[in-house]
Amino acid sequence: MIHSFIITCEHGGNRIPAPHDGLFLDQLSLLDSHRGYDAGALLMAQDLATAFDGALVTSTVSRLLVDLNRSVGHPQLFSETIRRLPPPVREEILAQYYRPYREQVEHLVAQAVADGQRVIHISSHSFTPELNGKVRNADVGLLYDPARHGEVELCARWRATLAELAPSLRVRRNYPYAGKGDGLTAYLRQRFAPNTYIGIELEVNQQIVQSDAGQWTALRTLLVDSLGTVCALQV
């Protein structure tokens, strides 16, 4: 079966569009933190899309306005600031930023599946090296649903390939989050069969992204090359 790559980045920037930007004038440091966006995730997504000639769907609107990786009704869909707004305003935010993004990704998956292709969807993210006083012990996380064989197999091979190419790189599966938790990939799994849709969330430690430009460039190249090796084996 032919693979079709779809690369997404739900937290690519910390932009607050007008007319809502005034709500965050006293929260600029928060916008610049891991709560505002996933540092490095957009560049990683662009590299993957270029390497695999994949469809690329990204957003630079801050998750503090609306989190594109959360389901409607999830308590973290809106930040505390947005939750205080009247329901019609929140609905307008969903209509303008949330639904078009999610619908575009779902349409691309549906189109590829209808064409007889197997979708490999990589959702690009990054994580803060320390959260609530707890240090995250990983450089890269591969998130997937353990009940879906294609996802298990791809991540196992990707991790094994990375171990061969870079033995010191700390790669963990379903860390620092559970791959089957609420998110865009979980939503798409409900709509597409395991033999036609593989959804993986790629998580990169922001310590690498923000501390050493050379190391960050090398890691992006390594992740692209290793995934290419895995996919050449026709997962």
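Residues are numbered from 1 along each chain as its sequence is written. Because the model is predicted, local features need pLDDT of at least 70 and side-chain atom pairs count only at pLDDT 80 or more, whereas totals for chains, interfaces and linings use all residues, and side-chain values use heavy atoms, with hydrogens and water left out.

Helices and strands are DSSP runs numbered from the N terminus (helices H or I, at least four residues; strands E, at least two). Helix H5 (residues 149-165) packs against helix H8 (residues 213-232) at an angle of about 125 degrees, with the axes 9 Å apart; axes are lines fitted to C-alpha atoms, for helices over the stretch in contact, and angles run from 0 to 180 degrees between N-to-C directions. H5 and H8 are therefore oblique to each other, where angles under 35 degrees count as roughly parallel, over 145 as roughly antiparallel, 65 to 115 as roughly perpendicular and the rest as oblique. H5 passes H8 in a right-handed crossing, a crossing being right-handed if the near helix is turned clockwise from the far one by less than a right angle, and left-handed if anticlockwise. The contact (heavy atoms within 4.5 Å) involves Leu 154, Arg 157, Trp 158, Thr 161, Leu 162 and Leu 165 of H5, together with Leu 222, Leu 223, Ser 226, Leu 227, Thr 229 and Val 230 of H8. By class, the contact of H5 with H8 has 8 nonpolar, 3 polar and 1 charged residues, with Ala, Val, Leu, Ile, Met, Phe, Trp, Tyr, Cys and Pro counted as nonpolar, Asp, Glu, Lys and Arg as charged, and the others, Gly among them, as polar.

The axes of H2 and H8 come within 10 Å and cross at roughly 40 degrees, which makes H2 oblique to H8. This crossing of H2 past H8 is right-handed. From H2, the contact draws on Leu 43, Met 44, Asp 47, Leu 48, Ala 51 and Phe 52, and from H8 on Trp 216, Arg 220, Leu 223, Val 224, Leu 227 and Gly 228. The contact of H2 with H8 comprises, by class, 9 nonpolar, 1 polar and 2 charged residues.

A nonpolar core is a set of buried Ala, Val, Leu, Ile, Met, Phe, Trp, Tyr and Cys residues joined through side-chain atoms within 4.5 Å, where buried means under 20% relative accessible area, exposed over 50%, and partly exposed in between (1.4 Å probe, protein chains only). The largest nonpolar core has 37 residues, of which Leu 48, Ile 122, Trp 158, Leu 202, Leu 219, Leu 223 and Leu 227 touch the most other members. Among the elements that give two or more residues to this core are strand S1 (3-9), helix H2 (41-52), strand S3 (118-127) and H5, while H8 gives the most, with 8 residues. Leaving aside neighbours within four places in sequence, Leu 48 is in contact with Ile 7, Ile 122, Leu 202, Val 224 and Leu 227. Apart from this core lies another, of 27 residues, including Ile 16, Leu 94, Val 109 and Tyr 197.

Ser 79 is found in the loop between strand S2 (55-58) and helix H3 (80-83), and counts as buried at 12% relative accessibility. Val 61 has its place in the loop between S2 and H3, and is buried, with a relative accessible area of 6%. Not counting residues up to four places away in sequence, Val 61 touches Gly 13, Arg 15, Pro 17 and Tyr 97. Asp 21, in the loop between S1 and helix H1 (28-31), is partly exposed, with a relative accessible area of 38%.
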